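Work through these exercises with the structure open. Try each task before reading its solution.

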Amino acid sequence: MASNDRRGHAVVLGSSISGLLAARVLSDAFAKVTVVDRDELPEAAVTRRCVPQGAHGHGLLAAGHAALTELFDGFATDVAALGGIPVDIQRDLLWISDGRPLRNAESGLRGLCLSRPAIEGYVRSRVAALPNVEIRAEHEAVGLLSTPDRRRVTGARVLPRGGAVQELAADLVVDATGRGNRGPTWLAELGYAAPAEETVDANMVYVTREFRRTPGDTPYAALMQSPWPGQPYGVVAISVEGERRQVTLLGCGPGITLPSDVDEFVAFAGRLPDRRVHDLIAGAEPLGPPHRMRLPVSVRRRYEQLDRRPEGLVSVGDALCSFNPAYGQGMTIAAAEALVLRDCLARGRRDVPRRFYAGAARLLQAPWEIAVGGDLRFDHVDGVRSRRTRFINAYIGRVFRAAEHDAVVGRAFLRVANLMAAPPSLFAPAVVARVLRGGRPAADEQAPLATRSSEDAVRV
């Protein structure tokens, strides 16, 4: 959109990654965009007080990488200069699901290993540099403004730290205030019903420590061993900037505790079914303190199902749908939602909330089903286990078994997990045939690819 086509003012509540990416697309449609956040926003790439999950490892899935490449010219070059490690998600990462390592191969799925604070800091710097965007730190959103008939939100009330409440008039308000947002409460104050909520509690706990990494100590940029029924513990190790490796122990179940003392942490990793992470960190230098987090309940708010909603207000990111972070979907969903919002605005300003929520619902359906279906494999997780859910989970178990030997099955699974293909693609006849063979090659197929070696390694 040409600069002379921009008009009006948009306000974004929250400068999380979802809020910043919303501001990026809003800058193409509005003459001015104001982003407010209650937190102090650091210059350096450090964990923010209001984003405690930033201390833990994060994943940028292939769909998220593609979206950020589209939204920011030079993204790949810029993040590489920050120390980010570009990866092929099947070739350069070790995926262990149900205790089975997925076979490595070139997939064309592009990802990135970089810490959450570094990614957020990069996005914030790019958005702040836009001439029509202003970011106001230490400004807390405390309410909404509306027309007298309350049919349209016309702005927001914000409270600067140490100051008095201010009113910001806006043509569009974007709620990106995260998991603890007050969006439903604000809607109630305007006389609207709160959206229905779907919730899942996986009882997941994390403990993360950082270690110094030695270049070339592993052919993998990241190693991920997921919990599964009967083995409720896992570990994720991600190479990030500054020659560091973020290592997260995770446990799934009520009453689970994980060690934070460095010696106990390393020893615990050694008791997991695959010892490769343990072997990497056993002699590595620990860096900084441990970080512990018990994950809140995953929530999907069904705004698209409301019969009435005000014009001029949309919710994005965790304010709309917050996932179990074990699936690494959050940043990618934030980027994809920004593209949905961009496309809605490109078609005009009328009825934006209804059109955005409809598009976001279509976007969210697959990743929500993936996350919920994965959580419902565990007996302690409350939820309806329909025949369809039980069938899909049983089939995914067979996918994991086949993917240990068949790179084509592994790529099909990773395309779905990285939001580059819809789940039904796993049921394509060619994929089903390979799954049913259990990864054994057909008679007319070539011999298996060579086992991955250090000569094939991504440079980390």
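**Exercise 1. Helix H2**

Which are the buried residues of H2?

Solution. The model is a predicted one. Start with the cut-off: a residue is buried when its relative accessible area is under 20%. Now go along the helix, residues 62–71. The residues that pass are Ala62, Ala63, Gly64, His65, Ala67, Leu68 and Leu71. That makes seven of the 10 residues, so H2 is largely enclosed by the rest of the structure.

Next, find what encloses these residues.

**Exercise 2. Cysteines**

How many disulfides does a search of the whole structure find? Explain the case of Cys344.

Solution. The search finds zero. A disulfide needs two cysteine sulfur atoms within 2.5 Å. For Cys344, the closest cysteine sulfur is in Cys321, 17 Å away, and that is too far for a bond.

Then check burial. Cys344 has 1% relative accessibility, so it counts as buried. Cys113 has 4%, so it counts as buried too.

**Exercise 3. The whole chain**

Describe the protein chain as a whole, from its secondary structure to its charges.

Solution. Begin with the secondary structure: 12 helices and 20 strands. Compare the radius of gyration with the globule rule. The chain has 22 Å, close to the 23 Å that the rule gives for 460 residues, so it is as compact as a globular protein of that length. Its C-alpha atoms fill a box of roughly 70 × 50 × 45 Å along the principal axes.

Look inside next. Of the 460 residues, 54% count as buried. Among contacts between residues at least 6 apart in sequence, 71% join residues at least 24 apart.

Finish with the surface and the charges. The accessible surface comes to about 19800 Å², and 52% of it belongs to carbon and sulfur atoms. There are 58 positive and 52 negative side chains. The centres of these two sets lie 4 Å apart.

Key. Residues numbered from 1 in each chain as written. Predicted model: local features only at pLDDT ≥ 70, side-chain atom pairs only at ≥ 80, totals over all residues. Heavy atoms only, no water. Buried < 20%, exposed > 50% of the residue type's maximum accessible area, 1.4 Å probe, protein only. Helix = DSSP H or I, 4+ residues; strand = E, 2+ residues; numbered from the N terminus. Rg over C-alpha atoms; globule rule 2.2 N^0.38 Å. Contact = heavy atoms within 4.5 Å. Areas by Shrake-Rupley, 256 points an atom, 1.4 Å probe, with all protein chains shown as cover. Lys, Arg positive; Asp, Glu negative; His and termini not counted. Charge placed at Lys NZ, Arg CZ, Asp CG, Glu CD.
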